[in-house]
Amino acid sequence: MSFSSDHTHAVTGAADKTIVIWDVNKEEPIQGPWVGPGDVVTNVAIAPNHHQVAVSSSDHKITIWDTNTGSHLIAINPAGVESGISAMSFSPHGPALVASSFNGVVQIWDINTGDLQFTIKGEDLDPLTALTFSPDGDFIIGGSLHATVCVWKTSTGHKVHKLDGHSGEITAVAFDNSGHYLASGSTDRTIRVWHRSTGLPLESDRGGVESLAFSFGGSYLAAGLSDKTIRVWASETRLPFIDGLRGHMDKVTSMMFTPDDNYILSHSLDKSVRAWNISTQESFIVLVETHTSQ
């Protein structure tokens, strides 16, 4: 699942080759299910204006959809991607989509034309497993299968940082809204908060990190863990703020804070989205993911 940046919409993809667009506030699907032209859906991403979604499939193709009409806008066939699309992210500014592959290739595409803007080669073709833009769109951060985190300049593809410190696969990366800090989570059960080239670890003793999200105000960092819980830290002190939010029945795969920072929206492999009240630590199910081909 991928949430729009204003937290009002979400997109889900399934093994039956369908995608569904959801209205999070109304707690219901508003478009779909649509059957894509490719094979099994492997990744989804929704544009900041929630008018386009990108869908990658197991046949290594990417399709851009119009969320209002369900029509296919652009078909992208990434070159040099022999092992599948591992992650995708829309730029917060401009019509750009970045996609990474398991063989270490990062490509930036113009979603209006389908043209390849340029290709970035990962560190020694290290397989990339997590990817996102900075809030201003100027940088891309990628995490790898072999425990490294790299930061590239979007306009040139130049690598500005290689961040070492983890000992396991990078499973999640996130920027805070200021763009000054970034976080990476790993199967080594740690989260590192980085400023420039310095990484400060946060321990996660309950399981591997599946997803990360900074609050809009930057005060909190939340992690979805493989043990089905969510843990929240105070960003400034690095101390646990909420020790464990329990309610999901499977791994927590994606999250975001609402703009007022009063709630966390979380998606799990149990196919539910929950809204968590930060103050009371109580939750309710916002929607249950369903896919039935039409």
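Visitor: How many bridges join strand 1 to strand 2?
Guide: Two. The two strands run antiparallel, and strand 2 covers residues 9–13. Bear in mind that this is a predicted model.

Visitor: What is the bridge partner of Phe3 in strand 2?
Guide: Ala10.

Visitor: Zooming out, in what order do the four strands form the open sheet?
Guide: The order is 1-2-3-4, with antiparallel pairing.

Visitor: And which are the edge strands?
Guide: Strand 1 (2–3) and strand 4 (28–35). Each of them pairs on one side only.

Visitor: New topic. Where does Ser86 lie?
Guide: In strand 9, which spans residues 85–90.

Visitor: Is Ser86 buried or exposed?
Guide: Buried. Its relative accessible area is 9%, so Ser86 falls under the 20% cut-off.

Visitor: Which backbone oxygen lies 2.6 Å from a polar atom of the Ser86 side chain?
Guide: That of Leu128.

Visitor: What else is Ser86 in contact with, leaving aside neighbours within four places in sequence?
Guide: Besides Leu128, the contacts of Ser86 are Asn43, Ser100, Ser101, Phe102 and Thr129.

Visitor: Why does Gly208 count as buried?
Guide: Because its relative accessible area is 13%, and buried means under 20%.

Visitor: Which residues is Gly208 in contact with, beyond four places in sequence?
Guide: Ser186, Thr187 and Arg189, plus Gly224, Leu225 and Ser226. Gly224 is 16 residues away along the chain, and its C-alpha atom is separated from that of Gly208 by 8.7 Å.

Note on methods:
Residues are numbered from 1 along each chain as its sequence is written. This is a predicted model: local features need pLDDT of at least 70, side-chain atom pairs count only at pLDDT 80 or more; totals for chains, interfaces and linings use all residues. Side-chain values use heavy atoms; hydrogens and water are left out. Buried means under 20% relative accessible area, exposed over 50%, partly exposed in between (1.4 Å probe, protein chains only). A polar contact is a pair of N or O atoms within 3.5 Å; within protein, one must be able to donate a hydrogen and the other to accept it, and residues adjacent in sequence count only if both atoms are side-chain atoms. Contact means heavy atoms within 4.5 Å. Two strands pair if DSSP finds at least two bridges between them.
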